[in-house]
Amino acid sequence: MHPHLHTKDNRACEEVMNALDECHARGFLWKSLGMCNGAKTAVNKCLRAQRLERTKANREAAKAKNQEIRAKWAEIDANS
């Protein structure tokens, strides 16, 4: 199972996802002949860029939290 594409996290990719939906709405033969491959590639690139941004933000938040914890432990060790 794949996650839903149209979520609040993917608002930046909404335009390319709508283009893919429109292409898929043209019918099975259109999809099976590979006419939607360009739209699918654009969606994949956009979603990857969004995921990389979230990963970077999460990594920075984790580093800040880790530094805060280390500072608290250093303070506890200094006062012990």
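# Disulfides and helices in a predicted model

User: Does Cys23 count as buried or exposed?
Analyst: This is a predicted model. In it, the relative accessibility of Cys23 is 9%. The cut-off for a buried residue is under 20% relative accessible area, so Cys23 counts as buried.

User: With which residue does Cys23 form a disulfide?
Analyst: A disulfide is a covalent bond between the sulfur atoms of two cysteines. The sulfur atom of Cys23 is 1.9 Å from that of its partner. A pair of cysteine sulfur atoms within 2.5 Å is taken as a disulfide, and the partner of Cys23 is Cys36.

User: How many residues apart in sequence are the parts that Cys23 and Cys36 tie together?
Analyst: Cys23 and Cys36 form a disulfide. Cys23 belongs to helix α1, while Cys36 lies in the loop between α2 (28–32) and α3. The pair therefore ties together parts whose separation in sequence, in residues, is 13.

User: What is the relative accessibility of Cys36?
Analyst: Cys36 lies in the loop between α2 and α3. Cys36 counts as buried, and that class requires a relative accessible area under 20%. The value for Cys36 is 4%.

User: Is the disulfide of Cys13 and Cys46 left-handed or right-handed?
Analyst: Cys13 and Cys46 form a disulfide, with 1.9 Å between their sulfur atoms. The torsion about their S-S bond is about -95 degrees, so this disulfide is left-handed.

User: In which helix does Cys46 lie?
Analyst: Cys46 forms a disulfide with Cys13. Cys13 lies in the segment before α1 (14–25), so the pair ties together parts that are 33 residues apart in sequence. The helix that holds Cys46 covers residues 37–79 and is α3.

User: What is the relative accessible area of Cys46?
Analyst: Cys13, the partner of Cys46 in a disulfide, is buried with a relative accessible area of 0%. Cys46 is buried as well, which places it under the 20% cut-off. The relative accessible area of Cys46 is 17%.

User: Which pattern do the disulfides of the protein follow?
Analyst: The structure holds 2 disulfides. One of them joins Cys13 and Cys46, and another joins Cys23 and Cys36. With bonded cysteines counted along the chain, the pattern is 1-4, 2-3.

User: Which pattern does the protein follow when it is read along the sequence?
Analyst: The protein has 3 helices and 0 strands. Read along the sequence, its elements give the pattern α-α-α.

User: What is the radius of gyration of the protein?
Analyst: The protein has 3 helices and 0 strands. For 80 residues the globule rule gives 12 Å, and the radius of gyration is well over this value, so the protein is more spread out than a compact globule. The C-alpha trace spans about 75 × 20 × 20 Å along the principal axes. The radius of gyration is 21 Å.

User: What percentage of the 80 residues of the protein count as buried?
Analyst: The accessible surface of the protein comes to about 6800 Å², and 55% of it belongs to carbon and sulfur atoms. A residue counts as buried under 20% relative accessible area. Of the 80 residues, the share that counts as buried is 12%.

User: Leaving aside neighbours within four places in sequence, with which residues is Gln50 in contact?
Analyst: Gln50 is found in helix α3. It counts as buried, at 14% relative accessibility. Leaving aside neighbours within four places in sequence, the contacts of Gln50 are Asp9, Ala12 and Cys13.

User: Which residues does Asp9 touch, not counting those up to four places away in sequence?
Analyst: Asp9 lies in the segment before α1 and is partly exposed, at 43% relative accessible area. Its C-alpha atom is separated by 9.3 Å from that of Arg51, 42 residues apart along the chain. Not counting residues up to four places away in sequence, Asp9 touches Gln50 and Arg54.

Conventions: Residues are numbered from 1 along each chain as its sequence is written. This is a predicted model: local features need pLDDT of at least 70, side-chain atom pairs count only at pLDDT 80 or more; totals for chains, interfaces and linings use all residues. Side-chain values use heavy atoms; hydrogens and water are left out. Helices (H or I, at least four residues) and strands (E, at least two) are DSSP runs, numbered from the N terminus. The radius of gyration is taken over C-alpha atoms; the globule rule is 2.2 Å times the number of residues to the power 0.38. Buried means under 20% relative accessible area, exposed over 50%, partly exposed in between (1.4 Å probe, protein chains only). Accessible areas come from the Shrake-Rupley method with a 1.4 Å probe; for residues, only the protein chains shown count as cover. Contact means heavy atoms within 4.5 Å.
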